[in-house]
Amino acid sequence: SLFAFNFREYSLDASCVFPITALGDDYIVQCYAPNSITGDTAMRSEFSVLALEDNTMVEIQLTSDTKGGHHAGNIFYVVLDAGQCYQVQSVPLGELDGNLSGTRVRSLEGKKIAVFAGDRGTYIPDSNPFCGVADMIFEQMLPIDTWGKRFIVTNTERRFYDRVRITAANDNCQVFVDGVLQTTIDAFETYEFEMQPDS
């Protein structure tokens with residue numbers, strides 16, 4: 001097994017790194033909106049795409065404006081060779097919400113790609129900054145064809161509550177928690193709720 005670590009002063013996060021056999025060609029990004037500025041550095045949500053083969057055509061359909069001048073709702077393309085990585089960052093905090101969650105990333109010719117997503121700095125939840133320092137978060141995304149419909153979620157030990165995020169790949173996705181309907185979301189939308197220790 002392999003973990004990748006991402007750290008800076010007062011902040012650390014890690015992600016599992018999946019084997020090539022677990023990769024796919026179609027992903028939906030999940031991250032948080034940036035909500036902090038540390039010094040003169042604007043925090044952004046972001047993701048990176050890594051190609052495994054030469055001439056990999058990647059289609060990116062955005063949910064938020066990006067630092068590179070691409071706009072929410074637009075589709076753009078990049079061509080990557082084996083081992084090349086392409087990074088996308090949201091606009092700085094304050095220009096829009098900067099949340100790239102729900103962005104679709106796919107390889108048009110079925111070539112496998114890896115996608116990592118997260119934030120340079122965010123508070124989770126955004127109403128509760130801890131020590132005034134925003135955390136970097138990042139995670140390798142799972143391809144859509146590995147997603148499921150039923151999940152078991154456990155609580156984190158010694159926490160008041162956990163936050164659970166659900167992103168839909170299809171329209172009219174009904175979200176039930178312990179058999180109770182919580183909400184209905186459409187493709188590329190995300191729903192978040194708090195799970196109490198006794199849940």
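Me: Where is the place of threonine 167, in which strand?
Reply: Quick note to start: this is a predicted model, where local features need pLDDT of at least 70, side-chain atom pairs count only at pLDDT 80 or more, and totals for chains, interfaces and linings use all residues. Residues are numbered from 1 along each chain as its sequence is written, and side-chain values use heavy atoms, with hydrogens and water left out. Strands here are DSSP runs of E, at least two residues, numbered from the N terminus. Threonine 167 belongs to residues 162-167, which is strand S13.

Me: Is threonine 167 buried or exposed?
Reply: Buried means under 20% relative accessible area, exposed over 50%, and partly exposed in between (1.4 Å probe, protein chains only). Threonine 167 has a relative accessible area of 14%, so the word for it is buried.

Me: Which residues does threonine 167 touch, not counting those up to four places away in sequence?
Reply: A contact means heavy atoms within 4.5 Å. With that rule, the list for threonine 167 reads Ile28, Gln30, Trp147, Phe188, Glu189 and Thr190.

Me: What is the length of the polar contact between the side chains of threonine 167 and glutamine 30?
Reply: A polar contact is a pair of N or O atoms within 3.5 Å; within protein, one must be able to donate a hydrogen and the other to accept it, and residues adjacent in sequence count only if both atoms are side-chain atoms. Threonine 167 also has such a side-chain link to the side chain of threonine 190, at 2.9 Å. For glutamine 30, the value is 2.6 Å.

Me: How many strands does the protein have?
Reply: Helices would be DSSP runs of H or I, at least four residues. The protein has 0 helices, and its strands come to 16.
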